[in-house]
Amino acid sequence: MNGIPMDAQNYEELDAELDILDGKYRELFIDNDVEFSYIGFDSDKAKDEFVSRVKKFASKLKASVDETKYVIVDDTDSY
């Protein structure tokens, strides 16, 4: 994942949220020396909650940066 631009408003809040989302994303996989595979979500509700949280984060991030310097892409509608 890419990091949060240092000049973003609410940098620390956004960076903390990104760490949480990254951790939740990594929990969806088995990744060790022997195996890499997708585990997935426990339920459709869990998936919807995660996607909703990512969308909310993307909106906050977009509102926090200078859009002339950064492009924020939210492709969660494809999930």
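Because the model is predicted, local features need pLDDT of at least 70 and side-chain atom pairs count only at pLDDT 80 or more, while totals for chains, interfaces and linings use all residues. Residues are numbered from 1 along each chain as its sequence is written, and side-chain values use heavy atoms, with hydrogens and water left out.

Helix H2 covers residues 44–64, where a helix is a DSSP run (H or I) of at least four residues, a strand is a run (E) of at least two, and both are numbered from the N terminus.

| Class in H2 | Residues |
|---|---|
| Buried (under 20%) | Phe-50, Val-51, Phe-57, Ala-58, Leu-61, Ser-64 |
| Exposed (over 50%) | Asp-44, Lys-45, Asp-48, Lys-56, Ala-63 |

The buried residues fall within an arc of 145° seen down the axis of H2, so they line one face of the helix, the arc being that of the directions from the helix axis to the C-beta atoms. Helix H1 (11–26) is included in what covers these buried residues. Leaving aside neighbours within four places in sequence, Phe-50 is in contact (heavy atoms within 4.5 Å) with Leu-21, Lys-24, Tyr-25 and Phe-41.

Glu-35 lies in the loop between strand E1 (29–31) and strand E2 (36–38), and counts as partly exposed because its relative accessibility is 36%. Glu-35 and Glu-17 are 18 residues apart in sequence and 28 Å apart in space, C-alpha to C-alpha.

Key: The expected span of a helix is 1.5 Å times one less than its number of residues. Buried means under 20% relative accessible area, exposed over 50%, partly exposed in between (1.4 Å probe, protein chains only).
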